[in-house]
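Keep the sequence and the 3D view at hand while reading.

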Amino acid sequence: MYLYIVYLLILILFFASIRKKNFSDSFLDIAMTKNFNGLFVIMVFLSHFSQYVELPKYIEVLQKIMGQLIVVPFLFVSGYGVTSGFLYKKEYKKTFLIKRVLYLYLQFVLVVSFYCLLDFILTKEFNLEKAMLYLMGFTGLKSVGNSNWYIVAILLCYLTSYLGFFKISKFSVWISFLLICLYAVLMFSFGFDFHWYNTVFAYFAGELVALYKNRINMFFKNIARGGGNIYIVFLEIILFGGLFIMYWFFKNNFIRTVLYNLVSVSFCILFVTFTFTFYIDNALFTFLGSYVFGIYIFQRFPMILFSGFIHNDFLFFMISIITTIFLAVIFDFCFKRVLKK
């Protein structure tokens with residue numbers, strides 16, 4: 001499967017959609033974040049799809065370098081959006097647990113039910129061990145074929161924001177940060193895989209940007225007026241690259257956890273700088289960015305379903321991505337329709 005063609009097309013779409021923009025306060029508006037979410041959810045799809053097909057070596061190297069960074073924008077944007085809601089929306093705190101936490105968890109539970117049904121149909125077996133797996137699947141701590149770690153991480157990050165901003169003060173964001181650190185330490189201590197906690201600082205980075213948005217905006221404006229943009233980007237790249245090299249250099253797992261989280265934060269800094277300077281407007285990315293949850297959670301469904309009998313990689317890819325988008329759109333429509341009732 002020549003996935004490098006897909007990567008090339010994505011890069012062409014991305015660079016063709018970039019527009020230089022004037023100074024603006026809306027450097028992280030909804031339209032911009034939807035475009036970035038749409039771009040990176042494709043990257044996530046390709047990363048997971050690569051587990052079912054053989055890839056060229058250089059694509060494997062590219063994916064290894066990118067690693068968990070492809071989920072960093074989602075965590076960052078979530079932290080930014082949630083914190084902005086607590087700071088600027090009066091009723092946000094009252095409805096947060098239901099509209100953010102419970103709403104997301106109910107979607108997750110419903111989708112896991114589909115994966116349990118698919119697993120039962122394909123394996124044709126049900127015993128105590130399988131029943132326990134299904135039950136644990138609803139907690140997110142075990143997978144029934146679905147992607148699970150991100151949902152657990154983001155739900156707990158939501159709760160750290162709720163606890164931190166329950167009474168808004170200058171310490172709110174730092175309470176959230178300490179709770180995020182506690183989550184990372186607990187996941188590390190209980191032996192969960194590295195990806196469960198190695199990017200969660202990106203959520204905190206989003207919280208900080210929301211809290212200090214006006215100052216950050218003014219800083220970038222002053223830098224831009226002085227023609228210092230290129231120097232800032234150069235320093236940010238050095239920071240990102242230096243942290244990445246340190247991450248690969250150290251062997252201690254705890255130090256590597258801290259360093260990769262810092263790599264994630266430095267990636268967020270590059271992201272913010274980019275969104276201040278440029279604007280992305282692409283219909284495909286906007287559309288995909290509107291269905292991030294559905295695409296993320298359903299992508300493995302067709303991969304599992306069709307991997308056993310579709311042996312043409314290109315056909316397998318096309319059917320998987322079309323099915324994923326179809327399921328995401330239908331699920332989003334039906335779920336919202338049920339809630340309205």
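Ala, Val, Leu, Ile, Met, Phe, Trp, Tyr, Cys and Pro count as nonpolar, Asp, Glu, Lys and Arg as charged, and the others, Gly among them, as polar. The model is predicted: local features need pLDDT of at least 70, side-chain atom pairs count only at pLDDT 80 or more, and totals for chains, interfaces and linings use all residues. Residues are numbered from 1 along each chain as its sequence is written, and side-chain values use heavy atoms, without hydrogens and water.

**Cavities**
- On a 1 Å grid over the protein atoms alone, a cavity is a set of points where a 1.4 Å probe fits but cannot get out; lining residues have an atom within 4 Å of a point.
- The whole structure holds 2 cavities of 30 Å³ or more, a volume being the space filled by probe spheres set on the points, which are joined across faces, edges and corners.
- The second largest cavity has about 50 Å³ of space, and its lining has 7 nonpolar, no polar and no charged residues.
- Val-41, Ile-42, Phe-45, Leu-288, Ile-295, Ile-321 and Ile-325 form that lining.

**Largest pocket**
- A pocket is an open set of points with protein on both sides within 12 Å along at least five of seven lines.
- The largest pocket has a volume of about 1600 Å³.
- Its lining has 41 residues, and Asn-37, Ser-78, Arg-100, Tyr-158 and Gly-289 lie nearest its centre.
- By class, this lining has 22 nonpolar, 11 polar and 8 charged residues.
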